Amino acid sequence: MPLKSAAAIGAIVAALAALYFWRLAALPGALLGNVLVTGFLTGLVYGLMALGLSVIFGVVRVVNFAHGEMMTIAMYASVFLFAALKLDPFITLFPVAIAFFVFGYALQAGLINPFVERPEHSQFMLLVAVAIIMVNVLLMAFGPDARSVQVDYALESFEVGPLVIDKVRVYAAAVAILLASGLFAFFRVTATGRAIRACADNLLGAKVVGLNVKRYYALTFGIGSALVGAAGVLQVMLVDVTPALGPAYTLLAFVIVIVGGLGSMGGALAGGVLIGVSEALAGVAFTPSAKSMFSFALLILVLLLRPRGLLGKKAA
Amino acid sequence: MLSSAQTRRAAIALLALLAVLVALPAFASAYLLSAMVLILYFAYVGQAWNVMMGFVGQLSLGHSLYVGLGAYAAAALYVHFGVSPWIGLWASMGVSLAAGALIGVLAFRFGIGGVYFALLTIAFAEFTRIGFDHFDWVGGSGGFFLPVKQHGVVDLANLRGPPVMFYYIALAMAVAAFVIAWRLRVSRIGYYWLAIRENEDAAQALGINTFRYKMLAILISSAMTSLAGVFFAFYYNNLFPEQIFSMGRSIEIILGPIIGGLGTLFGPVLGAFVLTLLGDGLTEVTSALGLEIPGLKQVFYGVALLVVILFVPNGIWPAMARRLGFGPSKGSK
Amino acid sequence: MALLEVRNLTKFFRGLRAVHAVSFDVDEGAIVAMIGPNGAGKTTCFNLVAGVFRADAGEVTLGGRKIGGLRPDQVCRAGIARTFQVVKPFPQLTVEENVIVGALKATSGVAEARREAARVLALLHLDTKAGEPAASLTLPERKRLEVARAMATRPRVLLLDEVMAGLRPTEVDEMVGVFRRINAETGLTILLIEHVMRAVMALAAHIVVLHHGEKICEGTPEQVVNDPQVLECYLGAEAEL
């Protein structure tokens with residue numbers, strides 16, 4: 001029903017516009033500009049994280065409830081490597097991503113694949129259990145205090161007219177875009193990528209033509225995990241990490257994927273940017289701690305009015 | 001279905017257990033008593049959650065919402081207006097019912113189920129948590145505190161008193177929840193709920209108004225859970241949004257029923273027992289070794305959940321029941 | 001006035017015409033069969049009558065009351081019970097509990113429903129399996145369970161969707177016997193979709209033939225079996241019975 005969807009999107013946009021005029025119009029332009037740019041750049045890193053979830057959910061149809069926890073582990077890994085070996089996160093990105101690929105592959109192959117035929121909530125609870133273990137192991141290992149990675153150039157910024165943009169943010173966003181593009185290319189161009197898309201589009205058909213679906217599932221989970229790993233390494237340069245971030249990021253990833261649209265990789269990025277910007281604006285318009293409220297309200301609205309998300313395909 | 005011999009044995013065993021629990025304070029240490037209060041609390045709230053998940057098959061991962069709303073409503077009325085919790089609990093139930101109704105209508109009318117429903121419940125709980133952080137009338141993020149009078153005095157009307165009083169209240173609540181769940185389970189409502197859980201299309205084809213029955217489940221579950229919140233508020237005397245509305249709390253609520261046995265009557269009770277005893281036991285062992293490890297207990301819970309899901313997916317109770325001769329050869333009870 | 005009247009039923013799925021202007025009557029106490037090639041729109045018709053889909057045009061009347069637009073549960077309460085082509089048992093409930101769920105619609109409480117369930121199970125020779133979980137049943141048994149559950153709602157009209165598929169000839173005959181007996185003893189009206197011609201010829205006094213969403217023939221078994229259009233599109237030039 002295109003009319004209902006158009007009305008839904010219209011309602012959301014109208015609500016956002018009203019909010020803007022109520023709280024944001026009075027702010028100085030430069031501040032607003034900085035906030036928007038920061039939100040956009042942060043949103044791209046969020047988008048990378050959500051891309052990992054979208055790939056996993058879109059193909060393997062597993063709700064990875066441990067997604068945010070995995071992101072947090074990547075953040076701690078970066079902290080550890082930086083503290084111990086003085087390695088710049090942009091370098092440790094690669095080994096961490098590879099390690100995450102292996103972990104994700106093993107997790108899917110070993111733990112989740114046998115569960116593919118079980119009822120949905122069983123798989124879900126399985127990952128909830130994994131998430132609980134992850135968060136608390138982190139708590140045991142690192143304690144509840146915040147950690148961060150402060151590279152030498154952390155305080156440098158680009159000045160573009162009235163805007164002051166952190167260099168770290170720009171680099172991180174650039175890497176995010178690079179990795180996302182690489183992923184798009186992988187799925188479009190390579191045989192393996194196309195095989196994975198086949199499994200996602202038509203499972204029975206894929207099996208019928210002889211694709212080893214379980215192996216592709218493991219591969220996909222590995223790829224999704226690698227993306228999360230990379231996103232975590234980037235994110236810890238922008239934000240401090242605590243174990244409690246795990247569940248928060250899991251939710252955020254789901255909000256982004258659902259808002260942006262299931263099964264749409266572009267949607268994950270677009271959703272990430274949307275959430276990044278709206279969080280930044282909400283932080284300025286209200287208080288910083290209220291910014292997640294905004295995201296949750298958006299999630300609820302989207303679930304009700306347009307469950308397949310802004311760019312998503314209709315569920316089969 | 002159970003044979004009458006099995007039912008009789010089960011009834012006798014339950015009554016024996018009840019007798020032990022009633023007599024417990026006479027010979028229990030203060031530590032055991034407080035552990036038992038916790039167990040009974042989780043048995044109660046697990047039973048309330050089980051109504052939604054075990055019976056109707058709707059996965060709610062935001063049940064801390066109802067605990068928190070119930071707690072704050074009764075506490076606010078008591079602290080600001082001196083209203084007795086026995087009256088305040090009606091407000092608690094009202095507020096939780098409203099929240100449950102809202103979530104139910106939004107989700108069930110729009111056909112949201114499964115994982116999406118779970119996410120929706122989480123979103124509502126999180127939204128409320130952050131909201132209450134800024135809700136200064138009830139203390140905001142700094143916390144809301146109930147005045148504690150002398151411990152020796154038993155003031156039942158205001159739920160002020162020694163741990164023994166709370167023990168019996170918790171026991172009464174746990175027993176009531178068990179009885180309510182049992183009566184529901186064997187009634188038309190219970191059958192219709194199970195049908196919806198098993199196959200909603202088929203249930204509809206048999207004349208079941210699935211929307212109405214799902215709403216009934218969420219309303220009953222939320223109202224029952226809100227009373228746990230009232231108990232929580234008056235037992236611990238302090239409320240923090242970050243704790244009471246947290247996802248961690250929601251997960252604590254569901255661990256008992258899942259590990260004990262979804263959809264069964266004794267599952268939540270057994271689950272609460274096992275988790276609290278082993279969890280506390282673990283803490284005892286580590287502090288005896290001189291270690292203080294935050295998060296270890298939660299790791300244990302996570303591992304327990306993992307083990308159960310992998311190897312005993314129906315929970316511990318069904319297998320145990322068969323061994324002990326309480327259960328049928330197969331099937332759910 | 002027939003018990004079930006279908007007038008001009010039409011349903012489009014995004015431009016695909018699944019059912020077009022189908023009309024037929026089912027008299028009270030009659031057994032009517034709906035046959036036709038796969039994709040003819042038979043199950044869609046059922047779904048339209050049962051309230052799963054909303055018709056784009058046309059009307060369905062039960063005992064003089066218009067039931068188009070009702071939800072499936074309302075249609076059941078109005079008196080139409082249906083089985084599903086791909087059976088949908090309640091897997092973790094026992095066979096008896098499955099049927100109790102159906103019986104609850106027609107009875108005032110669980111105890112009465114249990115008695116009714118026992119009666120229906122005996123009728124369909126499932127009483128020995130009453131305590132077994134439905135998930136443990138073989139396919140023919142699941143089909144009988146599906147029928148038992150629907151019958152337990154004490155419907156005025158029973159819609160059977162290919163309940164004979166996958167059964168051996170002796171099992172088919174047994175099922176035919178059960179339906180014949182119920183129809184004779186209680187006057188239950190039956191509308192069935194079937195490919196197993198053996199059952200159709202043995203049960204139905206009246207047959208409706210669908211092809212590409214349209215009714216191409218209607219009449220007694222003898223008439224239908226000799227109709228040239230039916231022979232060409234479905235039965236084959238030499239109909240084997």
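Which residues does Leu305(B) touch, not counting residues up to four places away in sequence? Leu305(B) touches Met125(A), Ala129(A) and Ile132(A), along with Leu255(B), Ile258(B) and Ile259(B); contact requires C-beta atoms, placed from the backbone, to lie within 7 Å.

This is a predicted model, in which local features need pLDDT of at least 70, side-chain atom pairs count only at pLDDT 80 or more, and totals for chains, interfaces and linings use all residues. Residues are numbered from 1 along each chain as its sequence is written, while chains are lettered from A and ligands numbered from 1 in the order in which they are written.

Chain B brings 34 residues into contact with 30 residues of chain A. On the side of chain B that touches chain A, the largest share, 13 residues, comes from α5(B). The elements giving two or more residues to that side are tabulated here; helices are DSSP runs (H or I, at least four residues) and strands likewise (E, at least two), numbered from the N terminus.

| Element of chain B | Residues |
|---|---|
| α5 | 114-133 |
| α11 | 247-260 |
| α13 | 296-311 |

Now to chain C. Four of its strands form an open antiparallel sheet in the order β2-β1-β4-β5, where pairing takes at least two DSSP bridges between two strands. β2 (16-26) and β5 (65-66) of chain C each have a single partner strand, so one side of each is left without a neighbour in the sheet. Strands β1 (residues 4-13) and β4 (residues 57-62) of chain C pair over five bridges, and Arg7(C) stands opposite Glu59(C) in β4(C).

Note on methods
Contact = placed C-beta atoms within 7 Å.
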